[in-house]
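The sequence and structure are shown below.

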Amino acid sequence: MNYVSTRGIDNEGVSSAFAIKTGLAKDGGLYMPESIPMIDLDFIGELSALPYTERAARILSLFLTDYTIDELREDAEGAYGGGKFTPEPAPITSLGDSRYMLELWHGPTSAFKDMALQIMPRLFVRALRKTGEERRALILVATSGDTGKAALEGYRDVEGTMIKVFYPTGGVSSVQKLQMQTQEGSNVSVEGIVGNFDDAQSGVKRIFSDDAIRRELDGAGVFLSSANSINWGRLVPQIVYYVSAYADMYRTGAISLGEEVDVSVPTGNFGNIFAAYIAKRMGVPIRRLVCASNKNNVLTEFFKSGVYDKNREFFTTMSPSMDILISSNLERLLYLTLGQDKTRGYMEELARLGRYELSAEDLAAISESFVGYYTDEEECQATVKEIYEKKNCLIDTHTAVAIHATNAYMNDFKAERKTLTVSTASPYKFARDVLNSLTDAKDIGDLEALEALNKLTGVDIPTPLASVLNKQPRHTGIIDRSEMEAATVSFAKS
Ligand SMILES: *Cc1c(COP(=O)(O)O)cnc(C)c1O
């Protein structure tokens, strides 16, 4: 299977290994498979009897045709086996009333990014070999929280790679900071940047576009790469858990084989929900995708009116991983529903004006499968409280945004189908806001909130988060923005 750009200028197909190694197509578009492989109900029935690792290998092999099934089995086992995810990678719980929840945060960093970032480094290292690359890769990441830690944990001690993460000292929670500062591994580096997320991000972009640095690193046998969610290697592992979830709902008798379900996803960069859409296009009986946003509701407006407009106020919310104005992977949805020419046109408008507007016909094509809702801060807190009190289930703030959207959707559409709402983080990762939703703790610090929430609810703190509290920070460096280049070069040469 070959991969092509969503914008279609650079239309020569490349292998999946090449797409994973390079991330972005030359014309600025994103890589997509030339066609979507189809599966049938028999295949899903067969998967339902298999463990997650084998499901993953079989589904990945439909997309990554230049990887052997044995390579994919080894990678899936390395990523999801061996007790790394407890109790399992993607368990489903019932909330009653035909509502189910898919929990994706049982991995080493307690957020759903682990589902992709545990396996992507393995696929990436194979991609280097398959494309004849001899240099070492230096993965550079600017993070607002979850991605940094998940990438560090995924790339630590992976041969042929080094990883350096910059986090803004003024922009991550104490739990997130401690998670990164205590990171183990011989090929990792973490540094705080004085400033906010934009400062860290623009510093990383500057380094990527600096030819002198590239040449200097090349001389040292190193090249730069990124781990962000526009890379196909991060997207493709996410398709797996939607197929797997459907197989599990069938296996446990929640649905009959072939019965349609609706899926609701807390959305930021549009990677997770787009993976659900690919599962639908492959033949998994999913009827509608509910795109759940917080107060940064650019996508809600898009699905309602066809207008995408990033020229708007940016809000910092209690679901920070969804605080985003440009959802990069939306481009992939435009490509799959409208084709390359229209996608290129709309993306050019977005770059020029910060805005584009779908034609009525194009909006109709997209609304056939998608509907958007948003949840404000009070509704988010009220949902955390309600689900805890009525269902005895402790959820995080991102998940609450999606549950609120599911409720609104079921109310509006009177759909009779069962719903699957995606849960993306452990409530303990955002303990302070969760605690504040349940009680009025107000001024408590992040780390104290972990223990207080545990005391209040009796729900166990996930081991990876609990153990962070007892570890000694190893990476305490804080540097100025202007020092990022030098720090990167010196790490590459270390
Ligand atoms: C990254 C993240 C999201 C958003 O996922 P996208 O794929 O960017 O849409 C939602 N919730 C949590 C907890 C996240 O870390």
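The model is predicted.

## Val422 in strand β14

Val422 belongs to strand β14, which covers residues 418-423. Because buried means under 20% relative accessible area, Val422, at 0% relative accessibility, counts as buried.

Apart from residues up to four places away in sequence, Val422 touches Leu102, Leu104, Tyr242, Val263, Ser264, Val265, Pro266, Asn272, Thr399 and Ala402. Its C-alpha atom is separated by 8.4 Å from that of Ile403, a residue 19 positions away along the chain.

## Packing of α11 with α12

Two of the residues touched by Val422, Tyr242 and Asn272, also take part in the packing of helices α11 and α12. Helix α12 comprises residues 271-282, and its axis lies 8 Å from that of α11 at an angle of about 60°. That angle makes α11 oblique to α12, and the crossing is right-handed.

On the α11 side, the contact is made by Trp232, Leu235, Gln238, Ile239, Tyr241, Tyr242 and Val243. The α12 side contributes Gly271, Asn272, Phe274, Ala275, Ala276, Ile278, Ala279 and Met282. The residues of this contact divide into 12 nonpolar, three polar and no charged.

## Packing of α3 with α11

Helix α11 (residues 232-251) also packs with helix α3 (residues 52-63); their axes come within 9 Å and cross at roughly 125°. The two helices are therefore oblique to each other, and α3 passes α11 in a right-handed crossing.

From α3, the residues in contact are Tyr52, Arg55, Ala56, Ile59, Leu60 and Phe63. They meet Trp232, Val236, Pro237, Ile239, Val240, Tyr241, Val243, Ser244, Ala247, Asp248 and Arg251 of α11. By class, the contact of α3 with α11 holds 13 nonpolar residues, one polar and three charged.

## Packing of α14 with α15

Helices α14 (residues 330-338) and α15 (residues 340-353) have axes 7 Å apart and pack at an angle of about 145°. The crossing of α14 past α15 is right-handed.

In this packing, Glu331, Leu334, Tyr335 and Leu338 of α14 meet Gln340, Lys342, Thr343, Tyr346 and Met347 of α15. The contact divides into five nonpolar, two polar and two charged residues.

## Leu363 in helix α16

Leu363 is part of helix α16, residues 360-367. With a relative accessible area of 14%, Leu363 is buried.

With neighbours within four places in sequence left aside, Leu363 is in contact with Phe302, Phe303, Lys304, Ser305, Gly306 and Leu358.

## Asn294 in the loop between β10 and α13

Asn294 is located in the loop that joins β10 (286-293) and α13 (298-305). At 0% relative accessibility, Asn294 counts as buried.

Which groups does the side chain of Asn294 reach? The Asn294 side chain reaches the backbone nitrogen of Asn296 at 2.8 Å, and a polar contact of 3.0 Å links it to the side chain of Thr317. Beyond neighbours within four places in sequence, Asn294 is in contact with Thr317, Ser319, Met322, Asp323, Tyr374, Thr375 and Val401.

Key. Residues numbered from 1 in each chain as written. Predicted model: local features only at pLDDT ≥ 70, side-chain atom pairs only at ≥ 80, totals over all residues. Heavy atoms only, no water. Helix = DSSP H or I, 4+ residues; strand = E, 2+ residues; numbered from the N terminus. Buried < 20%, exposed > 50% of the residue type's maximum accessible area, 1.4 Å probe, protein only. Polar contact = N/O pair within 3.5 Å; in protein donor to acceptor, adjacent residues only side chain to side chain. Contact = heavy atoms within 4.5 Å. Axes fitted to C-alpha atoms, helices over the stretch in contact; angles between N-to-C directions. Parallel < 35°, antiparallel > 145°, perpendicular 65-115°, else oblique. Left-handed = near helix turned anticlockwise from the far one by under 90°. Nonpolar A, V, L, I, M, F, W, Y, C, P; charged D, E, K, R; others polar.
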